[in-house]
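Subject: Structure handover

Dear colleague,

Here is the structure I promised to pass on. My notes follow it.

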Amino acid sequence: MTNKWIFAIGFAAIFSSAAQAKDVSIVVTNNERVQRQELVEVNAADVYQKMGVKNGESLIVKNSLGQPVDYQLTYDGKLVFDAAVRPCGNAVYTVTTGQPQKMKAFVAGRQYPERVDDIAWENDRTAYRLYGPALQRSGERAFGIDVWLKNTPDLEVEKRYEVELSNHHKIQELKKAGKNDEARQVEIETTYHFDHGYGLDCYKVGPSLGCGAPALMENGRLVMPYSYKEYKILDNGPLRFTVELVYNPSVVAGNKNVVEHRILSLDKGSNFNKMTVWYEGLDRPCDLAAGVVIHEEDTQTMKFGRDYLAYADPTDAPAHQNFQIYVAALFPDGADETKALLNDEVKNGIAGHAVGICKNVKSGQRVTYYFGSAWSKNDVRTFDEWILRINGFLDALHSPLDVQLR
């Protein structure tokens, strides 16, 4: 068979496949009297089946004007894209085969072995990190999830680490030479603990849950998780970040070698991470708590609902920062109890925790909740506005957008 015949047959096959592919419409309906702007998802296999093409084929998603829309195929087989829908209205999106345009990344994350194995991730609203085995080996006690403030939709974490770490040696050399003023000036200009116009890290974690970490309970007290042992990044943008984590075995309420598992994800445009946690090795049920640290500088500005807790964190230097970090944990399936667990005495500036408690969690039982943050210098100006944001997010979870393939 000649090369011409081979080319002709191959071209015909491609043409035939393209001709057989059918466009699919995705109709997103909003049954509520509020504007909705959020990621929606459909089963990717269903889309491919209706289009008559094989799984994994390149796709283009378009809005009703024919403009390409950013989308993502997730590790668990979902096609997700950012949908805008008017109150009591619907929006129609079309999926076709073809090479998609280059998509802007709104979320990203990775492990930073150069910074004691931090895992840091962000979206267009804020950033977070949790601590790894290298930090645990150092003896530092930092259990919870950190918040990095942002006031830009651009991805910032990579640059912050690079600038901070690249100047650390220079600062130390200046201090050794007795040039403390110069060292301080370099630190002011480069550290991510100061705001250089794009946000900063001024949230105190220490030996606490920080913002949103889970913990089993023993005799009414939190048994703090330490750093993760293993991790696997499952999704890494452009619209959703997902990481799976396994923690070192611990002893809880007589249960030996209890292993904690987490899957957490963050979507474009959201103030809230989704957390699913479960434990292996429990020979009897235990209470599970999740929440946020309460600092001694403000033990009053918090609010509890049946399905949420919220706190206005005063930052690591309230008199200098003069702003607040709003944090919360949300329990869309409800918590058995939400309350403040105050310590008998303040240590390391930690007065206690605001937590939601799910009672009698069994080995292998998965619990899903949400945690998140906002900044009074960015997208949420007041604590009252934060409560509105929380209630709006919970309402959206309880009344999801209706997504149908046509």
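N360 sits in strand β24; strands (E, at least two residues) and helices (H or I, at least four) are DSSP runs, numbered from the N terminus. This is a predicted model, in which local features need pLDDT of at least 70 and side-chain atom pairs count only at pLDDT 80 or more, while totals for chains, interfaces and linings use all residues. Residues are numbered from 1 along each chain as its sequence is written, and side-chain values use heavy atoms, with hydrogens and water left out.

Backbone points

N360 is not a glycine, yet has a positive phi of about 55°. With 49% relative accessibility, N360 counts as partly exposed; buried means under 20% relative accessible area, exposed over 50%, and partly exposed in between, with a 1.4 Å probe and protein chains only. N322, also not a glycine, has a positive phi of about 60°. N322 lies in the loop between α6 (318-321) and β22, and its 64% relative accessibility makes it exposed. The peptide bond between G237 and P238 is cis, with omega about 15°. P238 belongs to the loop between β14 (228-236) and β15. These points are listed because most residues other than glycine have a negative phi, and most peptide bonds are trans.

The sheet that holds β24

β24 is part of an open sheet of five strands, in the order β13-β12-β19-β24-β23, with antiparallel pairing; two strands pair if DSSP finds at least two bridges between them. At the edges are β13 (221-223) and β23 (337-347), each with a single partner strand, so one side of each has no neighbour in the sheet. On average, neighbouring strands of this sheet are turned by 45° against each other, direction ignored; axes are lines fitted to C-alpha atoms, for helices over the stretch in contact, and angles run from 0 to 180 degrees between N-to-C directions. β19 (residues 286-295) and β24 (residues 350-361) run antiparallel and are joined by nine bridges. G291 has V355 in β24 as its bridge partner.

The sheet that holds β2

An open sheet of three strands runs in the order β2-β6-β5, paired antiparallel. Here β2 and β5 (71-73) are the edge strands with a single partner each, so one side of each is left without a neighbour in the sheet. Neighbouring strands of this sheet are turned by 25° on average, direction ignored. β2 and β6 (residues 78-85) are antiparallel and joined by eight bridges, and V42 stands opposite L79 in β6. Helix α2 (residues 44-51) lies across β2, β5 and β6, at about 70° to β2.

Helix α7

α7 (residues 383-398) has 16 residues and should span 22 Å at 1.5 Å a residue; its end C-alpha atoms are 23 Å apart, which agrees. The expected span is 1.5 Å times one less than the number of residues. The buried residues of α7 are F383, W386, I387, I390, F393, L394 and A396. Their cover includes β2 (36-43), β18 (272-280), β20 (302-305), β21 (308-313), β22 (325-330) and β25 (367-375), where contact means heavy atoms within 4.5 Å.

Pocket and cavity

On a 1 Å grid over the protein atoms alone, a cavity is a set of points where a 1.4 Å probe fits but cannot get out, and a pocket is an open set with protein on both sides within 12 Å along at least five of seven lines; lining residues have an atom within 4 Å of a point. Grid points are joined across faces, edges and corners, and a volume is the space filled by probe spheres set on the points.

The largest pocket holds about 1300 Å³ of space. Its lining has 43 residues, of which E38, L39, D267, F393 and L397 are the closest to its centre. Two or more lining residues come from each of β2, β6, β15 (240-247), β17 (255-267), β18 and α7.

There is one cavity of 30 Å³ or more by this rule. The largest cavity has a volume of about 40 Å³, and R125, T126, L149, K150, S373, A374, W375, N378 and D379 line it. β25 gives the largest share of that lining, three residues.

Y192

Y192 is in the loop between α5 (180-190) and β12 (211-218), and at 5% relative accessibility counts as buried. Not counting residues up to four places away in sequence, Y192 touches R115, R129, W148, R160, Y161, E164, L200 and D201. Y161 and Y192 are 31 residues apart in sequence and 7.8 Å apart in space, C-alpha to C-alpha.

Regards
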